[in-house]
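Please look over the sequence and the structure shown here before reading the briefing below.

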Amino acid sequence: MKTVELSPEVSFGGGKLCVIAGPCVIESPDLCMEVARGAKEICDSLGLGYVFKASFDKANRTSVGSFRGLGIGRGLEILGAVKQELGVPVLTDVHETWQVEPAAEVVDILQVPAFLCRQTDLLIACGQSGRVVNVKKGQFLAPHDMINVVRKVESTGNTSILLTERGASFGYNQLIADMTAIPEMQATGYPVVFDATHSVQRPGGEGTFSGGNRQHIAVLTRSAVAAGAERQTQPGLDDMLTAAPGERGEAAGRARRAGDLAIHAAPEFALVAEHLEGLADPLQRQPGLAEGLDDCGLDESDERDDRS
């Protein structure tokens with residue numbers, strides 16, 4: 001498995017658990033700094049690597065009235081400030097090829113959204129930037145088909161690649177998280193990230209915005225670590241606040257959530273992070289449960305007929 005290293009504290013595929021977390025979209029510099037500082041403190045206290053994530057533009061909102069962000073100029077300025085002040089790597093989405101060059105001047109990881117994971121020009125532009133490229137698997141794509149995505153990025157000579165599992169479409173307005181996707185994508189030779197909050201999303205499930213089942217975030221996060229996701233997960237802190245993660249169209253709602261973030265999301269994020277830290281010792285250095293019970297330190301004597 002290739003190791004993608006961003007700093008001595010943050011590497012993917014190197015055996016240390018890392019967390020990518022932040023607001024889904026950039027709303028203000030104060031909110032981004034508050035979230036990044038709080039998440040970093042939690043991760044540092046647990047010995048977890050940390051990458052700050054926020055988007056300058058969410059171009060695939062359900063409704064034309066939904067808040068999209070502050071735009072590329074102001075957004076990159078804020079991301080650069082977080083990176084400089086806190087010394088953490090930063091990640092953002094790019095949706096079009098022209099966004100890649102200016103974003104790559106600021107961020108450490110360029111993320112290709114799931115809906116765009118097959119867009120050849122975008123993948124090649126990201127690869128040519130020389131930055132780490134994180135490609136989120138489309139909800140419509142089989143895990144083993146991500147090898148074709150990988151080959152597009154590799155064609156540029158860039159092998160600093162991450163792949164993200166974020167759920168698969170299951171009927172209308174519903175996703176399921178198939179943990180076998182993790183070893184399937186690891187077969188490409190690259191680290192796999194698990195996006196816990198978007199995996200519980202209900203795309204467009206509330207009519208003009210997306211809903212979600214936030215109560216499942218923690219259990220899916222633990223499951224992904226156990227299944228061998230390169231010991232990373234990607235919770236969006238704002239997605240921990242309500243039962244409808246994702247799109248927030250009302251300015252008043254955004255302001256309320258900004259105020260609630262430190263009060264409500266931080267403790268919940270800390271709890272999830274503690275669960276990950278607790279799993280790290282027994283599981284993180286194992287290839288994953290998919291490779292057999294022996295890899296988890298179990299043998300036939302541990303299997304009991306009366307186990308329920």
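Three bridges join E5 (residues 90-93) to strand E6 (residues 109-112), and the two run parallel; strands pair if DSSP finds at least two bridges between them. This is a predicted model, in which local features need pLDDT of at least 70 and side-chain atom pairs count only at pLDDT 80 or more, while totals for chains, interfaces and linings use all residues. Residues are numbered from 1 along each chain as its sequence is written, and side-chain values use heavy atoms, with hydrogens and water left out. Helices (H or I, at least four residues) and strands (E, at least two) are DSSP runs, numbered from the N terminus.

**Around strand E5**

- Asp-93 stands opposite Gln-111 in E6.
- From E5 the chain crosses through helix H3 (residues 97-104) to E6 in a right-handed β-α-β crossover, right-handed meaning that, with the strands pointing away from the viewer, the path from the first strand over the helix to the second runs clockwise.
- Strand E4 (residues 49-53) is joined to E5 by two bridges and runs parallel to it, with Lys-53 opposite Leu-91.
- A right-handed β-α-β unit is also made by E4, helix H2 (residues 72-86) and E5.
- Val-90 and Thr-92 point one way from E5, whereas Leu-91 and Asp-93 point the other way, and all are buried (under 20% relative accessible area, with exposed over 50% and partly exposed in between, for a 1.4 Å probe and protein chains only).

**Ser-169**

- Ser-169 lies in strand E9 (residues 168-169) and is partly exposed, with a relative accessible area of 47%.
- Leaving aside neighbours within four places in sequence, Ser-169 is in contact (heavy atoms within 4.5 Å) with Gln-139, Gln-174 and Leu-175.
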